[in-house]
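Please look through the sequence and the model before reading on.

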Amino acid sequence: MAAAAHQPPPSASPVPADSTPIAHPLFSRIRLAGPSDIPHIHKLIHEIAVYERLTHLFSATESSLSAHLFSSPPFQSFTMFILEVSHEPFPENSPHNSNSHYSPVVRIVDSEVPVDDPERELYKSEDENVVVAGFVLFFPKFSALLGKPGFFVEAIVVRKCYRRKGLGKMLLSAVVNQAVEMDYCQVELVVLERNVRAIKFYEEMGAQILGEWRVCDLTGDSLRVLQTNDCELSLLNHYG
Ligand SMILES: CC(C)(COP(=O)(O)OP(=O)(O)OC[C@H]1O[C@@H](n2cnc3c(N)ncnc32)[C@H](O)[C@@H]1OP(=O)(O)O)[C@@H](O)C(=O)NCCC(=O)NCCS
């Protein structure tokens, strides 16, 4: 679905809304992720697992990500936006500027102080002097109650040295804009109760925190047990 194909092409050197001089401009770009981003995505997912103290559940591999992401057109299934930053304007001849499904969003963020990125080399992007600073992973869902589709945000992350500069908001806004563009009625996500910083972030974004809901998860053994019961049931029905 070429949902955003008619958006204007991104400007390589956007001008901020007001003309106040920016001390330490950080050029920030949101674009669709693709297979070549897998190594960065894998490292970022590991960072989320460490941050959320969930490394015991971390079993994603670059191969499992490659096997499942990017096999459908964007926005129809699992979709990822990659956040990149640079101290220079993004190259005008970047291959990412010409995606038929989504025109990248470029903004200048005032970082107030220069960002010291200790993992710059590790997160180097395809474009020169550009580094990956985060991502958001989302996919379509359907609200039975509202009778309309929406997006479920599975994961969002901004690397530590780039936080509190409005980049998380830029990522979430990109998903919201896409939802509105597609006439979707909702953007929903789940957050750990102990992740108070993320909860503050979502509250600040205007999200309602629905305390009365519980997340019910069937993974691993629970999935297999239920599947077995279901097989036994169908055998019973067949022979019984
Ligand atoms: C949550 C996360 C994506 C936010 O990204 P970010 O780039 O720091 O967010 P922004 O700079 O756009 O924040 C926008 C506003 O949200 C609020 N906010 C964001 N982080 C906050 C924090 N740690 N404490 C309090 N308020 C916070 C602030 O009001 C902020 O505006 P301000 O900086 O001008 O005060 C980032 O902190 C992150 O990657 N965390 C680790 C992974 C994670 O927890 N992901 C969510 C899992 S559900």
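The text below covers strand pairing, a helix and the surroundings of the ligand.

This is a predicted model, in which local features need pLDDT of at least 70, side-chain atom pairs count only at pLDDT 80 or more, and totals for chains, interfaces and linings use all residues. Residue numbers start from 1 along each chain as its sequence is written.

Helices (H or I, at least four residues) and strands (E, at least two) are DSSP runs, numbered from the N terminus. Two strands pair if DSSP finds at least two bridges between them.

| Strands | Direction | Bridges |
|---|---|---|
| β2 (residues 79-86) and β4 (residues 130-143) | antiparallel | eight |
| β4 and β5 (residues 148-158) | antiparallel | 10 |

V85 stands opposite V131 in β4, while F135 has V157 in β5 as its bridge partner. Four residues lie between the strands in the hairpin of β4 and β5, where G147 has a positive phi near 70°.

Helix α4 (residues 196-204) lies largely in the open, because zero of its nine residues are buried (20 or more other C-beta atoms within 10 Å of a residue's own, with C-beta atoms placed from the backbone). After α4 comes G206, with a positive phi near 100°.

Around the ligand are 19 residues, of which R163, G168, K169, R197 and E204 come nearest. Helix α4 gives the most to this shell, with five residues. At least two residues each come from α1 (38-51), β5, α3 (167-181) and α4.

Note on methods
Buried ≥ 20, exposed ≤ 12 C-beta atoms within 10 Å, placed from the backbone. Near = placed C-beta within 6 Å.
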